[in-house]
Amino acid sequence: MHSITSLKRNSQLILLGLILLLVVAGSSVVSNRVAAGGDEWRPIDPSDLALRAPLVEPDADAEAIFWDVRIDDGGENDLVMSHYIRIKVFTQLGCEKNSKIDIPYLSGTKIKEVAARTVRADGSIAEVAKEDVAERVIVKVGDVKLRVKTFAFPRLEPGVIIEYKWKEVISSASANHMRLQFQRDIPIQSITYHLKPSANFSGATFDMRPFNMAKPEFEKEKNGFFVATVKNMPAFHAEHLMPPEDSVRSWAMINYNRILTSLLGYNALGSEVYYGYQPFLKVDDDIKRKAAEIVAGATTPEEKLERIFTFCRTGIKNTSDSTSGFTAEDLEKMKENKKPADTLKRGVGPAIDIDLLFAALANAVGFDAHVTLLPDRSKTFFDRRVVIPGALRPSNIAVKVGEQWKFFDPGYHYVIPGMLRWQEEGVEALITAPTPIWAKTPLSPPEKSVERRTANLRLDENGTIEGDVTVEYTGHLAVERKAFNDDDSPNRREETLKEAVKRRLSTAELSNIVIENVTDPAKPFVYKYHIRVTDYAQRTGKRLFLQPAFFEKGISPLFVAGTRRYPIYFHYPWSEKDTVTIALPKGYALDSPDAPAPIAAGVVSQYNVRMQASTDGEIMIYHRDFFFGGNDSIFIPVESYSEVKRLFDMINKSDNHTITLKQKASTN
């Protein structure tokens, strides 16, 4: 279940699957799986050719007249999906968005019978020739490839109808648990799914389970197919800081239901995983001896667990870590660890083996440790009442400490003890056991994820500011930056930093860059650099106008829209702590500086600025403290949008607060 080979293969499929989703999501017309009915083009209604404005969304640049999917799961091995879409284009932007079509697919899938054409308003037709349908490999990971069939529509102009169709043949696949997308990136007048269920599920019923939409009912049609149609589906419009798409986009899942599965749900999975993992948690003499050695002298349960955690993190080479240095050939040659003692003896293993070793060592010194199944809240908001295959996966180890369950993930390289990946904090966890136990993982408070920034700067009389900067990240902020930078070369990391700073300070020049602890599992991620920014302060006559919030200069308001469709979803609570010291230009003094007033939102958020000057008046010191997400407040309902927008607008205004420096009168 956790062999290196199978994990490697699964990771390749997951990576390519994510890329496939990104390719699909980036296209306004190919957005998961679409459909066809028959080998011939359907007649076009003259009213569709004459249509001058969209019917579903008034401002749409293009609109699908229909989008059909025919899913034939009645064969013995292959799943056949026939796709057909017809789109009316209204604007030049609609032409640009829909001019080129990419149909992505993975290994094990064949794309057949691609056909496309443009129908002009006068009824003339331009077909896409077969030789104009190209195929290419986008990316290859191991022996798994992501390919696309691609073509361009001829003679595109506002008012045309474009349509295309193809067949997708997926080897050894089933429609059971298939996702059906109803809301796409283009409005649709009519979207239809035809399904012929598999004969292999005799005695079972099938159902369509809807998410974020009313349930479309299947009706029986000829040749063993069932059909469901939804009318006037608006396009999906993404918003900044919205919940994961699966929690807001309209989609459905096909289920071949069995009574036992419906009754037991996730609890059956928890029991099955518990018994399946028992051989990999074996506590033998080697494990007992090592555990006793590790915790020798430790006096509290917390100290013992932290020592075991540190040993598993630092004493075992993690083949799942991209910075481990292992090649694909190295991984192929490695033996599978069949028990924790193997991982201990060899000193190497994938993340799951490191987690299992942690559990075995904890059990060896008297703890009660279990493999735990967790959802990923970056993908969807988990509801244990709704069984979705793959929604839970073995992610970390739960340990009973007193009356509480504590969660550990030494196999994930950058997470420190007491924290999990943000995607797995604040979620319902299924602790595997003969009778599984539900518990909730804690959400790390704002003080665990801190962006601490210091700057020692000097301002000249022309408005140029220059000096040394240090930025330190801890908690989830550090994990994100380490994961983003660890695969890059030192030069690429420096370029990434420069690009980020120049996006808000266009005249910034960075030098003497030092980036620390990029791959260290415990230490903060740190940037150090020298910076020079021309025209930072504005000079008018004998005055300089200065924004002391150096790290916030050039930052736009977080929310700009007047209204919002979806809730606000911050990934985790966080804090910001700034100290900016600015040596003033010779001959200038602060002209009655005032600090912005504190801003408070109860226990959810606090913002406070303090400003002071040195006794000689030549140095100004600016302190800024801010946090958000207290009391686990990271999900904000739409009804509270105006209040949250007002809060962040006030903070942005305070960050842009300007003070005046006045040129002193000459003493000559």
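A: Two strands are said to pair if DSSP finds at least two bridges between them. In this predicted model, strands β1 and β2 form a hairpin, with six residues between them.

Q: How many bridges join strand β1 to β2, and in which sense do the two strands run?

A: Strand β1, residues 62-72, is joined to β2 by 10 bridges, and the two run antiparallel. To find the pairing on the structure, look for Phe66, which stands opposite Arg86 in β2.

Q: How should I read the packing of two helices, and what are the values for α6 and α9?

A: Two packed helices are described by the angle between their axes and by the distance between those axes. Helix α6 (residues 301-315) and helix α9 (residues 351-364) pack at an angle of about 145°, their axes lying 10 Å apart, and α6 passes α9 in a right-handed crossing.

Q: Which residues of α6 and α9 meet?

A: From α6, Leu305, Ile308, Phe309, Phe311 and Cys312 meet Ile354, Leu357, Phe358, Leu361 and Ala362 of α9. By class, the residues of this contact divide into 10 nonpolar, no polar and no charged.

Q: Which residues of helix α10 are buried, and what do they pack against?

A: A residue counts as buried when its relative accessible area is under 20%. In α10, residues 475-485, that applies to Gly475, His476, Leu477, Ala478, Val479, Lys482 and Asn485. The buried residues of α10 pack against the helix α11 (490-504) and against β22 (450-459), β23 (465-473), β25 (525-533) and β29 (574-583).

Q: Why is Arg543 called partly exposed?

A: Partly exposed covers the range between the buried limit of 20% and the exposed limit of 50%. Arg543 is given this label because its relative accessible area is 32%.

Q: Where is Arg543 found, and which residues does it touch?

A: Arg543 is found in strand β27, residues 543-546. Leaving aside residues up to four places away in sequence, Arg543 touches Gln538, Asp591, Thr660, Leu661 and Lys662. Sequence separation and spatial separation can be read side by side for Arg543 and Gln663, which are 120 residues apart in sequence and 6.1 Å apart in space, C-alpha to C-alpha.

Note on methods. Residues are numbered from 1 along each chain as its sequence is written. This is a predicted model: local features need pLDDT of at least 70, side-chain atom pairs count only at pLDDT 80 or more; totals for chains, interfaces and linings use all residues. Side-chain values use heavy atoms; hydrogens and water are left out. Buried means under 20% relative accessible area, exposed over 50%, partly exposed in between (1.4 Å probe, protein chains only). Helices (H or I, at least four residues) and strands (E, at least two) are DSSP runs, numbered from the N terminus. Contact means heavy atoms within 4.5 Å. Axes are lines fitted to C-alpha atoms, for helices over the stretch in contact, and angles run from 0 to 180 degrees between N-to-C directions. A crossing is left-handed if the near helix is turned anticlockwise from the far one by less than a right angle, and right-handed if clockwise. Ala, Val, Leu, Ile, Met, Phe, Trp, Tyr, Cys and Pro count as nonpolar, Asp, Glu, Lys and Arg as charged, and the others, Gly among them, as polar.
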